[in-house]
Structures are given as C-alpha cells and as structure tokens.
Amino acid sequence: MVAATRTAELHQGHEETSTHDNYLTHAHGWRSWIFSLDHKRIGIMYLCAILISLLLGGVFALVIRLHLWTPEGALVSNHTYNNLFTLHGAVMIFLFIIPGIPAALGNFVLPMQLGAKDLAFPRLNLLSFYLYCIGAVLFLGVLLASGIDTGWTLYPPYSLEGSRGLGVLLALTGTFIVGFSSILTGLNFMATVHSMRPKAMGWFDMPLFLWALFATGIIQVVATPVLGITVALGFLERLFHLGIFMPEYGGDPVLFQHFFWFYSHPAVYVMILPAMGIVSEVVSVFSRKPIFGYRFIAMSSIAIAVVGFLVWGHHMFTSGQSKWTNIIFSFLTFFVAVPSAIKVFNWLATMYKGDIRLKTPMVYVLGFFGLFGVGGLTGIFLGSLATDVALHDTYFVVAHFHFVMVGSVLTAFLAGLHYWWPKITGKMYDERWARVAAILVMVGFFITFLPQFLSGLQGMPRRYATYLPEFKPLHQLSTIGAIVLASGMFLDAWVLWVSLRRGKAAPANPWGAASLEWATPSPPTHHNFDETPPITGPYNYDVLEEVSEEAGWVRNDGWNP
Amino acid sequence: MSSHAKPSGDRRFLQVHFETMGAQLAASKSGMWLFLASELLFFGGLFTAYAVYRANHPDMYHYGQYFLDWRMGAINTAVLISSSLSAAWSVRAAQLGDTKTLKATLWLTLLLAGAFLVVKYFEYAHKIEAGYIWGGEHCVDNLKVAGKLTEHQIEHCLSALPPEVAHLPIPEHMGRFFSIYFVMTGLHGLHVLIGMALYVWLLRRAGRGDFGPKYFGPVDMVALYWHIVDMIWIFLFPLLYLIG
Ligand code: HEM
Ligand SMILES: [Cu+2]
C-alpha cells in the first residue's frame with residue numbers, strides 16, 4: 001500500500017489523475033465493499049441505499065398523485081391509498097431525507113474537509129450502515145405484512161389498536177433501528193470534528209459544512225434517543241398493554257405526541273442543517289467570494305440546533321394542550337425562524353457583487369433560496385396560533401413541509417451531489433443537460449406544490465383519498481407538476497449514469513474550491529491524502545487559479561496534490 | 001488497512017487514521033461521552049413519563065410503592081455503588097500496569113453486576129408470581145373485571161397485597177405504576193447485562209496482557225459506561241422504592 005501511493009505520487013508528475021491508485025481501485029470484489037471501513041466506500045454504499053429509498057418513496061408519491069387526478073380517486077382503494085401515503089412519508093423521512101445528506105455525502109466529505117484519513121470510529125460507521133439496512137428491510141417488511149395506514153406520525157390510539165396487525169410493529173422496530181443508525185452517525189461526526197481537526201485548523205477555520213454537520217450531530221445524539229424510547233414504549237404498549245399511551249388502559253395519547261414531536265421537530269433540522277451547509281459551500285465557491293458573515297452562519301447552525309428543541313408544541317396547537325403552552329410554543333417558533341433568516345441574508349450578501357458561475361450546483365442553490373423562502377415563510381403562518389387552527393391538517397401544511405423538505409433539502413442534496421460528484425467518481429457530467437434537469441425539477445416542484453397552498457387555504461384536508469369536485473383543477477395541476485418533477489429527476493439520473501460510463505476525467509479541483517477535499521486527486525487515494533495539504537482557509541480563493549476547463553484549478557503557491 | 005504491518009510495543013493498538021495514542025484516546029473519550037449523553041436522553045423519556053404520571057396520579061404512586069421492597073432496592077444500591085468503586089479501581093490499575101489488581105477488580109465488578117441481577121431476579125419473580133405485572137394485565141386492576149381472573153388468582157392476588165394498602169382505595173389503572181416500574185428497571189437491567197458482557201471482554205483482553213500505562217482506553221470507556229448505569233439506578237431507587 002505504501003509502495004502503491006509512492007508510485008501514485010510519481011505518476012502524478014506526468015499523467016493526469018486517471019492512473020493513480022484510488023479508493024475505488026484499491027481493493028476489489030464485493031467483500032471489499034460490504035466489509036470496508038473506508039468512510040468513502042461506506043458513503044457510497046449509503047448513497048446507493050438512499051437513492052433506492054428515494055426511488056421507492058418517489059414511486060409511492062407518483063401513485064398518490066395519479067390517484068388524485070379525479071375527485072373520487074382514479075387508481076387504488078381507499079385502504080391502499082392510506083398505506084401509500086404512510087409508506088411514502090415514512091420511507092422519505094426515515095430512509096431518505098434524514099440520513100441523506102449526512103450519511104451519504106457527509107460521510108464522504110467530512111474527514112477530507114478535516115484533512116483526516118477517516119472518521120474517528122470507522123467500525124461504528126460501518127455498523128451504522130448495517131443498522132440502516134436492517135431498518136430499511138423492516139420497512140420493506142411492512143409492505144409485505146399487513147401494511148400500515150396510520151400516517152408516518154403513528155399517533156395512538158389508532159396506531160396501537162389490537163386490530164392493526166404486524167405492519168405497525170415492524171414499522172416501530174424499523175424506526176428504532178434506523179434511529180440508532182442516525183445516533184451513531186451523529187456521534188461519530190461530532191467526535192471526529194472535535195478530536196481530529198488538525199492543529200492548524202481552529203473551530204472557525206472549518207468549512208461551514210462541518211459546522212452544519214456538527215450541529216446536526218447535536219440533534220441526532222440528543223433528540224433521536226427520545227424517538228427510540230417512544231417507539232419502544234409504543235411497541236411494548238401494543239404487545240403488553242402498558243397503559244402509557246393507550247386511553248383504553250389509562251394511558252395518555254397526547255403524551256405520545258409530545259414525545260414524538262420532541263424528536264420530530266428537531267429532526268426537521270437534521271434534514272435542513274446539512275442542506276444549509278451545502279448551500280454555504282456552493283454559494284461561496286460559485287460566487288468566487290469568501291462566504292459573508294462566516295461566524296454568523298456557523299453560530300446560527302448551533303442556535304437552530306438548540307432553539308429547535310423548544311418548539312415541538314407547534315405541531316400540537318389543536319391537541320388540547322393549554323392556552324399558555326400554545327402561546328409559549330408559538331412565540332418560540334417565531335424565534336427559531338431568526339437564525340434561518342440570518343443564514344439567508346448572509347448567502348445573498350455573499351453573492352452580492354460576486355463573479356457568479358451558473359454551474360449545476362449553483363443553479364440548484366439559487367432554486368433553494370426561492371423554495372426555502374416560501375417554505376420558511378409559510379412556517380410562520382403555521383406558527384401563528386390563529387391561522388394554524390384553521391390550517392392544521394390541511395394541504396397548506398403539506399405544501400409547507402414539502403417546500404422545506406423537497407424544495408429545500410432535496411435541491412440542496414442534488415446541489416451537493418453534483419458539487420462532489422467529480423470528487424466521488426472522478427468523472428465530469430454533462431453540464432448542459434444537468435442544468436436542464438435541475439430546472440425541470442424546480443419548475444415541476446413549483447407546479448406541484450404551489451396549488452396545494454391554495455387548496456389548503458380553501459379547506460382541503462390532508463391524507464384524504466377522495467375530495468370535493470371544486471378542488472379538481474388544483475389537484476390536477478399538482479399531478480402534472482409531479483410528472484414534470486419526476487421527469488427532471490429521471491433526466492438527471494440519466495445524466496449521472498452517462499457521466500459514470502463515459503464522463504471526462506475530473507481534475508482534482510474542478511470548481512476552484514478552497515476546502516481540503518479538493519486538495520487530493522479525484523477520486524481520492526485510499527488514505528485521502530499522501531501528505532497533509534497546507535491549511536489556508538476554506539474560503540480563501542486568492543491561493544487558487546484556473547488553468548483550463550480540463551485541468552481545473554491549481555494552487556499558485558506551488559503546493560498541489 | 002490490514003496491509004499495514006502492525007508497529008510493535010505500545011503502538012500496536014494504534015489505528016491507522018490516528019497519529020498518536022493520545023489522539024486516539026481523546027477521540028474515544030469524546031465519542032463515549034456523547035454516547036452517554038444519548039443514553040441519558042433515552043432514559044430521559046422514561047423519567048418524563050414517570051413524572052407526568054406521578055403529577056397526574058399521585059395516589060397511584062403512593063399505593064404502588066408499598067409493593068416494592070425497599071430493602072432489596074437498598075441492597076442493590078450498595079452492590080452497584082461498590083461495583084462502581086471497583087470499576088474505577090480497575091482503570092487506575094490498568095494505568096499503573098498492575099495486571100493482578102486489574103484482573104481482580106474486573107472480576108469483582110463482574111460479580112457485583114451479577115449479584116445485582118440475581119437480586120433483581122428475585123424481585124421480578126415474586127411480583128410476576130403474585131400477578132403484579134404491567135398495565136392492563138395487573139391483577140389488582142382485574143379484580144373488578146368479571147371473568148378475567150380465576151377464583152384462585154383472585155385469592156392469590158389479595159393474599160399477597162402488602163398490609164399497608166389493605167385500607168387504601170385501589171387507584172384506577174394501578175397497573176401503570178408497574179408498567180413504569182418494569183420498563184425502567186427492565187431497561188436498566190438490560191444495560192447491566194450489556195455491562196457484564198463488556199467486562200467479560202475486558203477480562204479476556206486483560207488476560208492477554210493488552211492493557212498497560214500506554215493503552216488503557218477500553219477499561220476507561222467501559223468504566224465510564226458502568227458509572228452511568230450505576231447513576232441511573234441511583235435515581236431509580238428513590239423514585240420508585242422510597243418516595244410514595
Ligand atoms: C423556518 C421555520 C419553520 C417554521 C416556523 C415551521 C413551522 C411549522 C409549523 C407550525 C408546523 C405545524 C403545522 C400544523 O401541523 O398545523 C409545521 C409542520 C411541519 N414542518 Fe415546519 N416550520 C419551519 C421549517 C421547517 C423545515 C426546515 C422543515 C423540514 C426540513 C419543516 C418540516 C415540517 C414538517 C415535516 C411538518 C409537518 C409534519 C406533519 O404533521 O406530518 N419545517 N412547521
Ligand atoms: Cu416543527
């Protein structure tokens with residue numbers, strides 16, 4: 001291995017990146033993947049698993065939308081419909097969007113941004129991937145068993161009634177196990193950032209993506225165990241009639257809601273914080289300007305993580321909790337919007353007078369600003385007591401959370417995927433078609449979800465398999481949008497597939513980014529770095545200059561991988 | 001990684017992605033503390049459930065407490081505190097390279113943990129035998145439900161009632177107290193069991209002579225875990241057994 005890297009070093013003198021021993025060619029055979037402790041390989045396995053989940057959840061979504069083409073429901077029975085929206089939500093949330101950015105992209109990038117060889121606990125990392133897979137298989141088991149029609153929120157008493165069958169038990173177990181996977185990932189990331197930063201890199205010299213992952217880790221470690229104990233209690237309740245959640249035995253179903261949202265509200269920040277981390281990287285690199293307000297962005301991640309723990313009650317304004325509780329939760333909900341806004345303003349200020357390059361990741365990020373703007377602002381409507389009482393459980397809520405989860409997190413995920421794609425695969429993709437796909441995704445998204453704000457305002461309840469004829473035009477518009485959105489996604493999948501097969505070789509640093517993952521060949525070597533790169537700041541673009549499209553950017557102080 | 005020749009001596013346990021043993025120890029320490037934080041939150045959900053039910057149904061706790069034998073709880077508290085002492089001692093012994101003391105204290109911790117579970121076993125067995133189990137299955141709850149219990153079970157349930165509660169009205173859904181009791185102590189017991197497995201593993205490694213002044217991380221980490229398990233019990237004991 002040592003010899004191999006030596007040869008690689010020698011090679012780099014004359015030949016470009018394609019011949020060096022990299023993490024993909026370092027070992028062969030399927031065993032070298034599923035038993036790999038290399039964070040890069042584990043990241044790739046996560047990426048595949050997560051994309052499969054996205055596909056599965058997406059198919060459910062398309063069936064839902066097609067079914068809603070007509071008021072009386074076009075495709076499936078009401079019972080099947082209930083199963084579809086439950087599994088769509090559960091798969092997308094627990095298997096795609098929560099692990100998505102941290103476990104797939106974060107796994108790959110985090111150690112490299114630190115200039116480290118691996119995460120602090122490689123074995124734990126692999127274990128957390130295995131747990132993810134076991135959890136995912138259990139969710140698939142739900143499909144085969146009796147199904148589950150409770151909604152992803154699993155509210156008792158309905159979900160824990162004796163007649164519900166095996167599906168709920170499997171889903172509870174799956175959630176428990178996937179939760180542990182998430183805890184272990186967060187723990188690993190925090191310990192790595194904390195203890196493996198090179199001496200020359202202080203906390204405020206880290207790329208903002210690392211701040212974001214660190215803040216995410218706080219939430220994963222602190223909130224997820226509460227979900228774990230909640231679903232464990234639900235499981236025991238269902239089997240042994242504990243009387244904790246089921247009114248039949250003297251239990252309190254609202255307590256379940258409190259527990260559930262104590263996790264699930266912070267969980268929305270597990271989704272959005274890493275997305276915001278990607279945005280911070282991309283917006284700076286493609287504006288050719290150091291990020292504006294570094295400390296504000298970094299600290300607002302921590303602020304979001306902390307204050308995010310205090311607002312869960314805004315999901316329960318109509319659950320019968322006391323008036324004063326409602327008022328306090330509403331106030332705190334307004335408060336938590338502040339750090340999000342701080343970030344948005346800093347990103348916009350970064351772009352101001354920047355030399356903006358509209359590469360695919362940047363196109364996604366520009367879309368993110370619009371989509372997150374709408375999603376975040378409508379969150380304020382829902383956080384206001386008077387309006388939420390009317391809007392709760394309508395399509396307005398559905399539109400709100402899709403704007404933040406799909407509109408913002410999915411676009412940021414795609415931005416990150418395209419941004420790091422050359423590093424991960426060593427291949428460039430077709431810029432033009434990737435941009436077309438990005439625009440299709442975002443236009444499709446708007447067509448799908450803007451009408452849902454309107455139907456929600458007019459009183460269309462969520463989770464209904466049929467609806468009144470007056471909502472028909474809005475629903476049909478949504479369905480058309482969903483088809484556009486899906487075609488954008490498939491186009492993008494094709495673009496990336498073609499890139500894998502015959503993309504041009506990627507240079508070490510195609511975008512001119514200054515964080516350390518770009519100071520190693522594409523794809524990286526097995527141990528990431530042959531020698532520790534100099535640490536000159538994650539947003540210091542003065543040390544870089546562009547050679548050509550093919551050779552990318554190199555450092556002008558003579559140091560290059 | 002396997003292609004690397006292992007350096008000999010104290011660095012033989014150094015993983016490739018760390019530069020020094022110190023860095024490796026620091027990383028595992030921070031990881032362990034984070035894990036313990038998440039453990040606290042895990043139990044935190046149960047403590048919250050305890051608090052909510054206690055606030056809403058004080059009578060249930062007042063009644064239920066008489067079913068638990070505080071002497072058993074006290075013995076177990078003493079057992080666990082001594083085991084924490086011996087766990088801490090084992091870390092010191094590893095740091096000093098005193099293998100004999102290390103092995104002795106690891107054994108002692110393991111045995112005390114086992115003793116804890118034996119006491120717990122007797123407590124559980126007694127309750128289950130009398131029908132004082134969880135939630136809707138609790139015999140006192142079912143006394144009034146026609147046809148749910150046999151004559152014999154009713155007699156058994158009543159004859160085992162603690163004398164202190166004979167004159168008290170039976171609170172509604174009494175079984176919830178026992179649900180909380182069984183879930184909390186059960187989860188804690190599971191942690192004790194895991195701790196025992198970890199001590200067996202440490203004993204094997206200590207037997208191989210793995211630990212010494214330069215490498216004692218695992219002993220240290222497991223002891224940290226053990227202290228948390230101990231600490232959780234120190235909250236459980238008064239909350240369940242003492243304050244009625
Ligand atoms: C910017 C600040 C935000 C505010 C003020 C906010 C506020 C709210 C409120 C009050 C609700 C409850 C509505 C109801 O059920 O009546 C809600 C629902 C929801 N929000 Fe947000 N939100 C914000 C950002 C986010 C983000 C960033 C995400 C995810 C990435 C998110 C995901 C969700 C989800 C999933 C639900 C619905 C859950 C369900 O009932 O199934 N929100 N939001
Ligand atoms: Cu929320």
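The crossing of α3(A) and α15(A) is left-handed, a term for a near helix turned anticlockwise from the far one by less than a right angle. The model is predicted: local features need pLDDT of at least 70, side-chain atom pairs count only at pLDDT 80 or more, and totals for chains, interfaces and linings use all residues. Side-chain values use heavy atoms, without hydrogens and water.

**Helix α3 against helix α15**
- Helix α3 of chain A covers residues 39-67 and helix α15 of chain A covers residues 472-502. Helices here are DSSP runs (H or I, at least four residues), numbered from the N terminus.
- Their axes come within 9 Å and cross at roughly 155°. Axes are lines fitted to C-alpha atoms over the stretch in contact, and angles run from 0 to 180 degrees between N-to-C directions.
- α3(A) and α15(A) are therefore roughly antiparallel (angles over 145 degrees).
- From α3(A), A:Leu54, A:Leu55, A:Leu62, A:Arg65 and A:Leu66 take part in the contact (heavy atoms within 4.5 Å).
- Their partners in α15(A) include A:His475, A:Ala482, A:Ile483 and A:Phe490.
- By class, this contact of α3(A) with α15(A) has nine nonpolar, three polar and one charged residues. Nonpolar covers Ala, Val, Leu, Ile, Met, Phe, Trp, Tyr, Cys and Pro; charged covers Asp, Glu, Lys and Arg; the others, Gly among them, are polar.

**Helix α13 against helix α15**
- Helix α13 of chain A (residues 395-425) and α15(A) have axes that come within 12 Å and cross at roughly 10°.
- α13(A) and α15(A) are therefore roughly parallel (angles under 35 degrees).
- Among the residues that meet are A:Tyr395, A:Leu410 and A:Trp421 in α13(A), with A:His475, A:Met489 and A:Leu496 in α15(A).
- The contact of α13(A) with α15(A) divides into eight nonpolar, four polar and one charged residues.

**A:His475**
- A:His475 lies in helix α15 of chain A.
- A:His475 is buried, at 2% relative accessible area (buried is under 20%, exposed over 50%, partly exposed in between; 1.4 Å probe, protein chains only).
- Leaving out residues up to four places away in sequence, A:His475 touches A:Arg65, A:Leu68, A:Tyr395, A:Met460 and A:Tyr467.

**Copper site**
- Donors are N, O and S atoms within 2.8 Å of the metal (3.2 Å for Na, K and Ca); water is not among the atoms, so sites may look incomplete.
- A:His314 is buried, at 14% relative accessible area, whereas A:His315 is partly exposed, at 23%.
- The copper ion (ligand 2) and the iron atom of ligand 1 are 4.5 Å apart.

Note on methods:
Residues numbered from 1 in each chain as written. Chains lettered and ligands numbered in written order. Helix = DSSP H or I, 4+ residues; strand = E, 2+ residues; numbered from the N terminus. Parallel < 35°, antiparallel > 145°, perpendicular 65-115°, else oblique.
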